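Good morning, and thank you for coming.

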Amino acid sequence: MSELEPERFFPLLRGGLGNPYLYEVETPSTQDLLRDSGYPHGAVAVAEHQTAGRGRSGRSWDDTPSTALLCSVLLRPPVAAPLPQLSLVVGLAVAGAIEREADVRAVVKWPNDVLIEGRKVAGVLLEASEGVVVCGIGINVNQEERDLPPVVRIPATSLGIAAGRPFDRGLVLASVLVELERRYTDWIAGGLACLEDELERRNALRGRRVRVAGRAGMAGAIAPDGRLTIVLDRGDTVLVESGEVELLPLEKRCR
Ligand code: BTN
């Protein structure tokens, strides 16, 4: 029996997220199990395998069955939630859960990748409609090197590779839900300012040369509204709301 099946997972469940809990062996995307579903705040869907997993920017999210944690969490924020901020909240929660379970340092590459030692271990995809946000979380858990995608944008890793041992995906999911609930509650009460210290500590881009939306410079802090500070090569400072971040080597000249 898989560790994600309700009988195995329910005893691990703590806190308010995970009710109801939907488990599928195979489904196109866990996002679609919750979208337009009418389920309450806190509903969670997981699958052993997705046949049409979605990533950000129209990319696909592929998996080797029963190795990854593929889950979606339905949130109903009390007021219209700024999605870029919520995306960071989820990213921090995933990084916190990874650190707790695997005892390896995990950081957030703005806006929503989670990295271990410069390699992507998890991604977050938020899809919103009519007061509902479905937070998709994909964590590489027990993949071996041969299961991971070839390096296209950023090299990938898994918890198993990073820590040198296999993980119970149910324990990882239970941790993600606890860490997310705590940060989400703080954020609803006081905004990203409540998570300022952790954002700074887990900001993978601080001090790195980056290019976002065609503009190159040195990445700095994540502002309290979730925007990334960049000191451009020509000297002025901009705050970037969203976009794909390209990491540049220090010596690379940008046109
Ligand atoms: C990214 O880094 O591009 C985001 C990846 C998000 C993948 C997860 S897996 C569970 C959920 N269902 C999907 O189809 N996508 C998200």
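First, the conventions. This is a predicted model, in which local features need pLDDT of at least 70, side-chain atom pairs count only at pLDDT 80 or more, and totals for chains, interfaces and linings use all residues. Residues are numbered from 1 along each chain as its sequence is written, and side-chain values use heavy atoms, with hydrogens and water left out.

The ligand is surrounded by 20 residues, each with a heavy atom within 4 Å of it. The closest are Ser29, Gln50, Arg54, Arg56 and Lys120. By class, the shell holds six nonpolar, ten polar and four charged residues; Asp, Glu, Lys and Arg count as charged, and Gly is among the polar ones. Helix 2 (30–34), strand 3 (68–75), strand 6 (119–129) and strand 7 (132–140) each supply at least two shell residues, and the largest share, four residues, comes from strand 6. Helices (H or I, at least four residues) and strands (E, at least two) are DSSP runs, numbered from the N terminus.

Turning to polar contacts (N or O pairs within 3.5 Å), a polar side-chain atom of Lys120 lies 2.6 Å from a ligand oxygen. Gln50 places a polar side-chain atom 2.8 Å from a ligand nitrogen, and for the side chain of Thr30 the distance from an N or O atom to a ligand nitrogen is 3.1 Å. Taken alone the ligand exposes 420 Å², of which the protein buries 99%, by the Shrake-Rupley method with a 1.4 Å probe.

Now the backbone. Most peptide bonds are trans, and most residues other than glycine have a negative phi. Asn19 and Pro20, however, are joined by a cis peptide bond, with omega about 5°. The bond from Trp110 to Pro111 is also cis, with omega near 5°; Pro111 is in the loop between strand 4 (107–109) and strand 5 (113–116). Asp103 has a positive phi, near 60°, and lies in the loop between helix 3 (83–102) and strand 4.

Methods: A polar contact is a pair of N or O atoms within 3.5 Å; within protein, one must be able to donate a hydrogen and the other to accept it, and residues adjacent in sequence count only if both atoms are side-chain atoms.
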